[in-house]
Amino acid sequence: MVSDHVFTKYKGNALTSEAFATFIEQHEVETFYITGADAIACVKSTCYNMRKSNYDVQVLSDCITSYDQKKIAEMIQYYEGKGCKIIRVEDLPA
C-alpha cells in the first residue's frame with residue numbers, strides 16, 4: 001500500500017465520495033490512473049465524471065476487467081472518446 005489514504009464510495013463514480021473529492025482538491029491532484037473490476041459500470045462512470053471535471057485521466061487497459069470480457073474493447077473506445085488516455089502498466093512513470 002502506497003499510503004494510509006483509503007476512501008469509501010457507495011456509487012460507481014469515485015468522485016461521489018466526499019472525502020475523496022475533498023482530498024484531491026486540497027492536494028491539487030490533477031492526474032488519475034484508473035484501474036478497476038467493472039469496466040462497464042464503476043470505471044466508466046468514474047472516467048466520465050473525472051473528464052467532465054477536467055481531470056487528466058489515464059486508463060490502464062491491462063488493469064481493467066468486466067463480467068462481460070467482450071465489452072472491454074468497446075469500453076476502451078468509450079474512454080478514449082471521452083478524452084481519456086489509454087496506457088498499460090509498463091507505460092507508467094517510474
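1. Which residues have the most contacts inside the largest nonpolar core? In this predicted model, they are I34, C47, M50, V57, V59, I64 and Y79, and the core has 20 residues. At least two residues of this core come from each of α1 (18-26), β1 (31-36), α2 (42-52), β2 and α3. The greatest contribution is that of α3, with 4 residues. In soluble globular proteins, nonpolar side chains tend to be buried together.

2. I64, one of the core residues with the most contacts, deserves a separate entry. Leaving aside neighbours within four places in sequence, I64 is in contact with I34, T35, G36, A39, V43, V59, I72, I76 and Y79. Among these partners, I34, V59 and Y79 are also listed with the residues that have the most contacts inside the core.

3. The loop between β2 (56-64) and α3 (72-81) contains S66. Is S66 buried or exposed? S66 is buried, because its relative accessible area is 7% and the limit for a buried residue is under 20%. The side chain of S66 reaches the backbone nitrogen of D68 at 3.2 Å. Not counting residues up to four places away in sequence, S66 touches A37, D38, A39, I40 and I72. Of these, A39 and I72 are also in contact with I64.

4. How many salt bridges does a search of the whole structure find? The search returns 2 salt bridges. In one of them, R88 pairs with D62, and the closest N and O atoms are 3.8 Å apart. R88 lies in the segment after β3 (85-87) and D62 in strand β2, so this pair ties together parts that are 26 residues apart in sequence.

5. R88 also forms a salt bridge with E90, where the closest N and O atoms are 3.3 Å apart. Through shared partners, the salt bridges join D62, R88 and E90 into one network.

6. E90 counts as exposed because its relative accessibility is 58%, whereas the limit for an exposed residue is over 50%.

Technical notes: Residues are numbered from 1 along each chain as its sequence is written. This is a predicted model: local features need pLDDT of at least 70, side-chain atom pairs count only at pLDDT 80 or more; totals for chains, interfaces and linings use all residues. Side-chain values use heavy atoms; hydrogens and water are left out. Buried means under 20% relative accessible area, exposed over 50%, partly exposed in between (1.4 Å probe, protein chains only). A polar contact is a pair of N or O atoms within 3.5 Å; within protein, one must be able to donate a hydrogen and the other to accept it, and residues adjacent in sequence count only if both atoms are side-chain atoms. Contact means heavy atoms within 4.5 Å. A salt bridge is a side-chain nitrogen of Lys or Arg within 4 Å of a carboxyl oxygen of Asp or Glu. A nonpolar core is a set of buried Ala, Val, Leu, Ile, Met, Phe, Trp, Tyr and Cys residues joined through side-chain atoms within 4.5 Å.
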